[in-house]
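Q: I have a two-chain structure to look at before a meeting. Can you walk me through it?

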Amino acid sequence: VGVAVQMTEQLAGRVALVSGASRGIGRVIAGELASRGAAVALTARDEDALAHVVEELATGDGQVMAVPGDLAHGGVPASIVSRVTAVPSIKRTSQTLNRRSRSTWSGPLRWRGRCYQG
Amino acid sequence: MIGLGRGSIVNIGSIAGVEAYALRAPYSASKWGLEGLTRTLAAEAGPHGIRVNIVSPGPTEGSRADRVIAARAEAEGRTAEDVREELTGSIPLRRFVTAAEVAKAVAFFAGDESSGITGQSIRVSAGIEI
């Protein structure tokens, strides 16, 4: 059990930005990182698909946010990174929420409120 | 990441960036380029405590694989099962990999378990390229 707990929280306090996260491998990567405790920002061009994935991941313990955009457009990558880093204390909230959500919150509603739509 | 003095960048390559991929020159060029970018960035970012690695999947289960198999089956007048068997028959593990298996390698590079590893490539390929 000790090992399992360590496994699931090995990315606690970390922030991950996953591109191509609305489908396929990117989508599964985002879920894997979230399941290991990382706060995960997801980016992709398809805003609707991305919102759907964020909603899906938000049912778990992880903190997730959507930052849609086309990385091929000049300035967009830097803009996405700054939007992610601008979220106040994302690390702290992820750890706090992880702990508290286990005992009190059912998850989805709370997470939806925390999702950040760039 | 430079400000934090640490970080991990994980690029997603492809077996097309490890060996030849006939009739897919632009894709192959981009993935081979990503292998070089990974190592060069690893050299540049290392002094800042930032690691850069690459996960290169082989054929991966999913809608894209299904489409490719279906298109080839239709073009050749065969069943999808027949095409799939032919494709997996030469792979050591006799199957495609799953997105979940790729994600586990990414998580390994993202976390502290790989703290001493940078500029490296992990091929999650069921052995197709060996």
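A: Across the interface of chain A and chain B there is one residue pair in polar contact, both at pLDDT 80 or more. A polar contact is a pair of N or O atoms within 3.5 Å; within protein, one must be able to donate a hydrogen and the other to accept it, and residues adjacent in sequence count only if both atoms are side-chain atoms.

Q: Which element of chain A gives the largest share of the side that touches chain B?
A: Helix α2 of chain A, residues 24-35, with five residues. Helices (H or I, at least four residues) and strands (E, at least two) are DSSP runs, numbered from the N terminus.

Q: What kind of residues are on that side of chain A?
A: Six are nonpolar, one is polar and four are charged. Ala, Val, Leu, Ile, Met, Phe, Trp, Tyr, Cys and Pro count as nonpolar, Asp, Glu, Lys and Arg as charged, and the others, Gly among them, as polar.

Q: Before I go on, where does the model come from and how is it numbered?
A: It is a predicted model: local features need pLDDT of at least 70, side-chain atom pairs count only at pLDDT 80 or more, and totals for chains, interfaces and linings use all residues. Residues are numbered from 1 along each chain as its sequence is written, chains are lettered from A and ligands numbered from 1 in the order in which they are written, and side-chain values use heavy atoms, with hydrogens and water left out.

Q: OK. How much area do chain A and chain B bury between them?
A: About 1100 Å², with 66% of it on carbon and sulfur atoms. Buried area here is the accessible area (1.4 Å probe) that two parts lose on being put together, summed over both.

Q: Which residues of chain A lose the most area to chain B?
A: A:Arg14, A:Ile25 and A:Ile29, which together make up 44% of what that side buries. In all, the contact (heavy atoms within 4.5 Å) takes 11 residues from chain A and 16 residues from chain B.

Q: What does the side chain of A:Arg14 meet?
A: The side chain of B:Asp112, in a salt bridge of 2.8 Å, N to O. A salt bridge is a side-chain nitrogen of Lys or Arg within 4 Å of a carboxyl oxygen of Asp or Glu.

Q: Switching to chain B. Which residues are linked in a network of salt bridges?
A: B:Arg72, B:Glu76, B:Arg78, B:Asp82 and B:Glu86. B:Arg78 is partly exposed at 24%, and B:Glu86 is partly exposed at 41%.

Q: What about B:Arg123?
A: The side chain of B:Arg123 meets that of B:Glu129 in a salt bridge of 3.6 Å, N to O. B:Arg123 is partly exposed at 45%, whereas B:Glu129 is buried at 16%. A polar contact of 2.6 Å also joins the side chains of B:Glu129 and B:Ser125.

Q: Where does B:Ser125 lie, and what does it touch?
A: B:Ser125 lies in the segment after β3 of chain B and is buried at 5% relative accessibility. Not counting residues up to four places away in sequence, B:Ser125 touches B:Ile15, B:Gly58, B:Ile91 and B:Val97.

Q: Now the largest nonpolar core. Which residues touch the most other members?
A: A:Val18, A:Ala30, A:Leu33, A:Val40, A:Leu42, A:Val64 and B:Val55, out of 35 residues. A nonpolar core is a set of buried Ala, Val, Leu, Ile, Met, Phe, Trp, Tyr and Cys residues joined through side-chain atoms within 4.5 Å.

Q: And the fold of chain B?
A: Chain B has four helices and three strands, running β-α-β-α-α-α-β from the N terminus on. Of its 130 residues, 36% count as buried.

Definitions and conventions: Buried means under 20% relative accessible area, exposed over 50%, partly exposed in between (1.4 Å probe, protein chains only).
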